[in-house]
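Take a walk through the packing of this protein chain. Keep the sequence and the model side by side.

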Amino acid sequence: MVSSGLGFMYQFLWQLVFLWQLQFLLMVQDGEAYAYLLNVLAPEHCNPATLDVKDPAERANLVLDHAEKMDCKRYLSPKDIVEGSANLNLAFVAQIFHQRNGLSIDNKKISFAEMMTDDELISREERCFRLWINSLGINSYINNLFEDVRNGWVLLEVLDKVSPGSVNWKHATKPPIKMPFRKVENCNQVVRIGKQLKLSLVNVGGNDFVQGNKKLTLAFLWQLMRFNILQLLKNLRSRFQGKEITDTDILHWANRKVKSTGRTSKMESFKDKSLSSGLFFLELLSAVEPRVVNWNLVSKGESGQPKDDIDTHCQHHVLEPSATSE
């Protein structure tokens, strides 16, 4: 009875989320709701003609022009608004909220570091960003995030990965670095590039990274990872001619990726029972980045092996890879 009750509650909550999302998309499709919202949040950029326009696509374009003046990057098109692209519209609203939420009359800029006050989350966030950096495939390998980024070199490698060509390597010093001012030079370039990418770096200097300021380091990496994800979504949309990426597209991509390595595993759907062994996901991870899976520690997941053991095994040997594992 308890299990069926939880199942009903789960389905009920998802239906509520779906109805809310549907209502939201219907409300913003003609751009009128966006126009009212932006006129309230940023009246200095208000264009009275926006609400008089009859064509939804033209109104959506004026809305995006208004948002751009608020420093909101244009990563969706008027067509995405009119057609009700769920993920892009939700991301657009989140970006508007970040730039101008209307919750305070104080227009003073506040850095991300000032918002982060919970020191208990630092170790978990450090691990998250360390794994993300190691997944990028840069030459350096991070074992201790706060120590390994202090010379600025790793951060420059990450910036060059997420924004190719942004780093001036002639003005960078490669480790080992004996002179402290060389580390500061590296980190100063990190800050300059961050500002060029429109990251929030209020009162942040290169010396803050050199001194190992944990909050500033985490705040910077959070923004950089967000920038990387937005670029990835933008590139994926361009490959699909602006179409939304479906579960079928992801399924085909995963199977093609595994097949490209010469392996024969295949998933028929996301409900495929064979996925419970974890082997397909290990092969997919290995296809994306060979270093993350140590095949010497992988079992075949026989039917007699408890599922919890397989899950624990995958988490331990995939999320904490060594720099040389194959």
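Predicted model: local features only at pLDDT ≥ 70, side-chain atom pairs only at ≥ 80, totals over all residues.

Residues are numbered from 1 along each chain as its sequence is written, and side-chain values use heavy atoms, without hydrogens and water.

Start at Val 162. It lies in helix H9, residues 153-162. Helices are DSSP runs of H or I, at least four residues, numbered from the N terminus. Val 162 has 6% relative accessibility, so it counts as buried (under 20% relative accessible area; exposed is over 50%, partly exposed in between; 1.4 Å probe, protein chains only). Beyond its neighbours within four places in sequence, Val 162 is in contact with Trp 132, Leu 224, Phe 227 and Asn 228 (heavy atoms within 4.5 Å). Leu 224 is 62 residues away along the chain, yet the two C-alpha atoms are separated by 8.1 Å.

Now the rings. The structure holds three aromatic pairs (Phe, Tyr or Trp six-membered ring centres within 6.5 Å; planes under 30 degrees apart are stacked, over 60 edge-to-face, the rest tilted). Trp 153 and Trp 169 form a tilted pair, 5.0 Å centre to centre with 55° between the planes. This pair links helix H9 to the loop between H9 and helix H10 (180-196), 16 residues apart. Trp 153 is buried at 13%; Trp 169 is partly exposed at 33%.

Finally, the charged end of Arg 263 sits over the ring of Trp 295, 4.5 Å from its centre (CZ of Arg or NZ of Lys within 6 Å of the centre and within 35 degrees of the ring normal).

Key. Helix = DSSP H or I, 4+ residues; strand = E, 2+ residues; numbered from the N terminus.
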